[in-house]
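User: Hi! I'm new to this one. Could you walk me through it?
Analyst: Happy to, let's look together.

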Amino acid sequence: MDLETKRIDVPGTFGDGLVPVHIMRRAHASGHSPLVILLHGVHGSANPLPGNKYGELARMLIDQGASCALVETSRVRRDRETFGEDREAWARAAFKGKTFFQDHADAVAGVEAAAMEVGMGPIWIFGFSLGGIHAVLAAGSDGLSFTPAGIALGGSGYRIRSGAENDLTLPILDSMPGSDTLIEAAGRLRAERLVSFYGSLDSTFPEDTCRRLVELAPLPQEKKNFIVIEGADHAFRSLKGNPSLKPLEMISSRLAPLLF
């Protein structure tokens, strides 16, 4: 597949002051193909490099005929690989002092830039975990300049599981708004469609808190989907405990028919 990749640097709120947006699409793609804008989870990294979750999903969706944009929020440093499996050390080194609302502003700025650059056709916003929360808040307020053709969520709920509260001491998460804010935004959500993916082995959000966001959205029932990916973890990086791209392949195959 012959891909075109273009990077746009959008002003960010924190650290290096940049929100890189990578536009990925087929060479000579129709300007009217659907655009899927991918928002990463908290402390995540999104780029077109092989092995990056968002880059891999983008290639799968492009293979189905879509165009994609990867939004990466501002931070102090971008060398995630330096920290190996020490997620907490990475979060504090790269994001210490960053607030939830700074991160939200970054996500919205990236979405708007991608939409302006590519969006002649339908525009979807696909947020994973915190990225999905950003998508719901933006689409449930006056945060976007357009009405998305669709919102897709990957493991996004309004309350984390009991026992996972220690995560809320990390940067960005330590200034999260209360559950009521997200619940109210879901009830005002403006989009033509909504689909939520949930890994059956998600250890971060209880299933009912993810389903509830879909139930609250003021859309006809036939325009809303809640899809459980059996055996997938919260990040959709493993299947039945083993590293695998299969959950992303399953997401791509279920999402693609909704895009066109």
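User: How many cavities of 30 Å³ or more does a search of the whole structure find?
Analyst: Two. A cavity is a set of points on a 1 Å grid over the protein atoms alone where a 1.4 Å probe fits but cannot get out. Volume means the space filled by probe spheres set on the points, which are joined across faces, edges and corners. This is a predicted model, where local features need pLDDT of at least 70 and side-chain atom pairs count only at pLDDT 80 or more, while totals for chains, interfaces and linings use all residues. Residues are numbered from 1 along each chain as its sequence is written, and side-chain values use heavy atoms, without hydrogens and water.

User: What volume does the largest cavity have?
Analyst: About 50 Å³. Its lining, meaning residues with an atom within 4 Å of a point, includes Leu39, Asp103 and His134.

User: And which residues line the second largest cavity?
Analyst: Among them are Leu39, Ala107, Val111 and His134. The volume of this second largest cavity is about 40 Å³.

User: Switching topic: what is the strand order in the open sheet?
Analyst: The eight strands run β1-β2-β4-β3-β5-β6-β7-β8, with mixed pairing. Strands are DSSP runs of E, at least two residues, numbered from the N terminus, and two of them pair if DSSP finds at least two bridges between them.

User: Which strands are at the edges?
Analyst: β1 (3-11) and β8 (224-229), each pairing on one side only.

User: How many bridges join β7 to β8?
Analyst: Six, and the two strands run parallel. For example, Leu194 has Lys224 in β8 as its bridge partner.

Terms used: 1 Å grid on protein atoms, 1.4 Å probe; cavity = no way out; pocket = protein on both sides within 12 Å on 5 of 7 lines; lining within 4 Å. Helix = DSSP H or I, 4+ residues; strand = E, 2+ residues; numbered from the N terminus.
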